[in-house]
Amino acid sequence: MTLLAIATTLLVAAALGPGTTEPAIAARPTQPPKGVGDAAVRDRATPRPGAAPSTSSDPAPAGPTSKRPEDLTGYRWPMKRSAHITSFFDWRDTGFLAIAGKRFHEGLDLTTGCGGEVWAAHSGTVMAASRRFDPFMGYNDSLDEFYRRLEKAGRMSDLPIVVVIDDGNGYRSAYVHLQDTSVHAGQRVKAGDVIGHEGRTGNASGCHLHYELFRMDGAWMTVAKQRVKDDHYPRLIRERIDPLRVLSLRDKGAAQLPLGLARPKDPPHLPGD
Ligand SMILES: [Zn+2]
């Protein structure tokens, strides 16, 4: 064999190599290389647009059958009227959710000071009253991977203490960053009942209540890409509602608006909402 022939043979082998070996590799029941498994887990968790939530017992109707937020009744402010609003449901660069890629803060922040009473904003049934509340927050998929990683890293105590209440009207309320809670899962509560106290558990720079209202038969919203990537949250979650669509600032129990803080003119909302 001449040198040229050897070189040609090697070139041909190199050209054929990957193509000829791929089926054999694909057919071999080997473990995927490290790193690929993570991607596979994420792929499994990737929802199809409009797909029914796999972890919810609720059937997914074609559209919401619950009332529009503005038509809901029975809600009251979840803290005493001396509370101050510290953050609105508004666009925020570090927000947990995103609409068309733009992140926003998906709740209303109130404070009366550390230890202040937190009341149920609406009568309902307690779904969770602990740090393990996320399965009740309306995600489209399992939180197993999220918890697996947190537990492995010993970081479960990084999560806030949260009470989630099913308001019995298609909506749920979440009371986040509590110092403690005085209710338990399964308990029935009435609007105005004390359910816990204002704290700063979880990712909070100071004591406050993050009040979040969501519609369990509402549209899907997108979790910020960074949080899906970094923390392995599922990608979609049920529609978050601006609490000020339900709680009126003109109500006699309404929280105070500090000087210099104005209600957002164009709060986050889904197209057509
Ligand atoms: Zn908040």
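Reply: Let's start with Val163, which, leaving aside its neighbours within four places in sequence, is in contact with Val126, Ala128, Ala129, Tyr175, Leu178, Thr181, Val183, Ile195 and Gly196; contact here means C-beta atoms, placed from the backbone, within 7 Å. This is a predicted model, where local features need pLDDT of at least 70 and side-chain atom pairs count only at pLDDT 80 or more, while totals for chains, interfaces and linings use all residues. Residues are numbered from 1 along each chain as its sequence is written.

Val163 also belongs to the largest nonpolar core, which has 52 residues. Such a core is a set of buried Ala, Val, Leu, Ile, Met, Phe, Trp, Tyr and Cys residues joined through C-beta atoms within 7 Å, and buried means that 20 or more other C-beta atoms lie within 10 Å of a residue's own. Together with Met79, Ala128, Val162, Val164 and Tyr175, Val163 touches the most other members.

Several strands (DSSP runs of E, at least two residues, numbered from the N terminus) each supply at least two residues of this core, among them E8 (161-166), E9 (171-178), E14 and E15. E14 (residues 220-223) runs antiparallel to E3 (residues 97-99), with Leu97 opposite Val223. On E15 (residues 236-238), which pairs with E14 over 3 bridges, Ile237 is the bridge partner of Met221. Pairing requires at least two bridges found by DSSP.

Technical notes:
Helices (H or I, at least four residues) and strands (E, at least two) are DSSP runs, numbered from the N terminus. A residue is buried if 20 or more other C-beta atoms lie within 10 Å of its own, exposed if 12 or fewer, and partly exposed in between; C-beta atoms are placed from the backbone. Two residues are in contact if their C-beta atoms, placed from the backbone, lie within 7 Å.
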